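Colleague: Before we discuss how the helices and strands are arranged, could you put the sequence and the model on the screen?

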Amino acid sequence: MLLSSKGRTVKALTRKTKRLFKKSTEHVEEELIGNVDNAYLVRSRIVGWLLAMAGLVFLAGVQYLWYQNSYSTNAFAAGGVYAEATLGKVSTLNPLYASTNSELVASKLLFSGLFRYDTSGHLIGDLARSLKVSDGGKTYTVELRDDAKWHDGKPVLAKDVEFTVKTIQDARSRALSRSGLEEVKVERVGDRSVKFTLPAAYLAFTDVLTFAILPEHLLGKVEPGLIYESEFSAKPVGSGPFKFQLNQSLKGDGAIIHLVKNVDYYGGSAKLDRMQVHAMSSQKDIARSLKNGETSATADLSRAYKNELLGGSIYLREAAINRGVYAFMNTTNPVLKDLKVRRAVQLSVDTANVRASLGTDITALDTPILANQIDASLPSAPKVDKAESQKLLESAGYTKKDGKLLGSDGKQASLKLVAIDEGDYKKVADALAVELSQMGFKIEKDIVDVSGKGKDFLREVLQPRNYDILVYEIGLGADPDVFAYWHSSQANEGGFNLSNYSNTVVDDILASARTSQNQSLRQVKYKSFVSRWLKDVPAIGIYQVQTQYYYNKNVRTFGEDVKLVSSIDRFSDVLYWAATKKEVYQTP
């Protein structure tokens, strides 16, 4: 009984164990195997979620890049170096003696005048804060601004202006131009007030007051005759937007004038950190420097370089300026002193052919002033009439035989034609020589190298009037006053009457027109002057000058809407020029 009871007990335990095992197995299958299936499901969901998130991140990235491209741009920023390539050597950095383009550019950046031309071509105060004109236009009183300083920190005062004018007037200084200041009395009437007293009223006198002012505290004790050779000419101290740092000599006559911005400039600090003036001896060197990226821009290349330079990274900005190229006839020459001969030249030379030698889009200039200088139409130059030209020559005693123009002595009439080897002047001289040769003249051409390797153009050609016909460019200014070029008092070594032109009626017209306060009367007088000038033919107008400014696309230069009186006025907004860029974001 006992065994059977134990057996039943064992069997009962066995059955219970089996039931527990079965339940445990079912629980394991339910909790473990079932959850494994759930894990696969969860994993697939996680993967799907991760893919969805990756897609969102990708789309967000694409949107960011689109936003960045749509609302960001590379804008010009502060800093950088602007390298201006210029033609001509630098012999001095004193603005009183600046003659080459290199010297003129450096002077413009280093020094200030009492007045300057703004971006609209109008005259505005520079160092001058205010101007008072009195005594019927014979007295000009200028008040200086009180925030102008020299680069050494000293204030710009009235004594500096007085010193500069008296130095220019002193013949011992050998200043290149005294035009408009010859008989002007200057005096200080206060630390920052200076008075100019003129011998007669002169409406355009403020245009004269654009010359650079020099520091009296540095040059006042230097003898006028020694100023050119003084240390100041090598290490100038000005009051302009840039300060002198270094004159780096290069091979030959080349140099790099290193300038740094003047942070104390009264007009505000320039955007550029530095300016460099790369003085070069030839246009080929300038073109090469632009193509190689050594320089940023230049105004000293002619339109002949368009095909070579344009495209890629170099652009061209053209702007008409108040300058003209003329063929000046030396009226004291044995041949050209005869008015009939000059008129014959005028009627025979086809200036359209001369301009065509330079290409297209050349603006004709037939008169000694520009139409935009006075609010009135100007008389026109006579049309080409070769038959009438021949009659005039015959009446002057010349005959034409075998293509040669012979004088009464049987010798061929000869003319010395001079031009400088720069810009388009040589081409003009070549075309002009063809026209004159067709008249029968024997032409002696002299193309003067002004790079410093040849003769001194100023002292050996210009001042002694060593030519019969001179192809040359002159500045016409903002005002129609051309007294300096055509009044007989300027027909001397120190003057700019390059034709040695003399006409007493014209002298009276020019003298009275520049003093008149009546604009309508001035217009009448200048129209009368132009008529007489065309009849007397002291020169033949060829074309109005355009500045050809080649620049690298990675710099910002003068604006397209800037109106220039002269090429040097391109620096009127130099404070905003730039040579470096950075990425900036725009507001959507």
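Colleague: At what angle do the axes of helix α8 and helix α11 cross?

Modeller: This is a predicted model, in which local features need pLDDT of at least 70 and side-chain atom pairs count only at pLDDT 80 or more, while totals for chains, interfaces and linings use all residues. Residues are numbered from 1 along each chain as its sequence is written, and side-chain values use heavy atoms, with hydrogens and water left out. Helices (DSSP runs of H or I, at least four residues) and strands (runs of E, at least two) are numbered from the N terminus, and axes are lines fitted to C-alpha atoms, for helices over the stretch in contact, with angles from 0 to 180 degrees between N-to-C directions. For α8 (residues 339–348) and α11 (residues 425–439), the axes come within 10 Å and cross at roughly 115 degrees.

Colleague: Which residues of α8 and α11 make the contact?

Modeller: Contact here means heavy atoms within 4.5 Å. From α11 come E435, L436 and M439, and from α8 come A344, V345 and S348.

Colleague: Which residues of helix α6 are buried, and which strand or helix packs against them?

Modeller: Buried means under 20% relative accessible area, with exposed over 50% and partly exposed in between (1.4 Å probe, protein chains only). The elements against which they pack are β2 (81–87), β11 (274–280), β12 (297–298), α7 (306–309), β13 (314–329) and β19 (539–552).

Colleague: Is P368 buried or exposed, and which residues does P368 touch?

Modeller: P368 is placed in the loop between α9 (351–356) and α10 (386–395), and this proline is buried, with a relative accessible area of 0%. The C-alpha atoms of P368 and L534 lie 8.8 Å apart in space, although 166 residues separate them in sequence. Not counting residues up to four places away in sequence, P368 touches Y326, L476, V482, W486, F529, V530 and W533.

Colleague: Is T504 buried or exposed?

Modeller: T504 is found in helix α14 (residues 504–513), and its C-alpha atom is separated by 8.0 Å from that of S488, 16 residues apart along the chain. With a relative accessibility of 59%, T504 counts as exposed.

Colleague: Which strands stand at the edges of the open sheet of four strands?

Modeller: Two strands pair if DSSP finds at least two bridges between them, and the pairing in this sheet is antiparallel, in the order β5-β6-β8-β7. The twist averages 20 degrees from one strand to the next. One side of each edge strand is left without a neighbour in the sheet, because each has a single partner strand, and these edge strands are β5 (128–134) and β7.

Colleague: Which residue is the bridge partner of E187 in β8?

Modeller: Strand β7 (residues 185–190) runs antiparallel to β8 (residues 193–197), and five bridges join them. A hairpin connects β7 to β8 through two residues, and V186 stands opposite F196. For E187, the bridge partner in β8 is K195.
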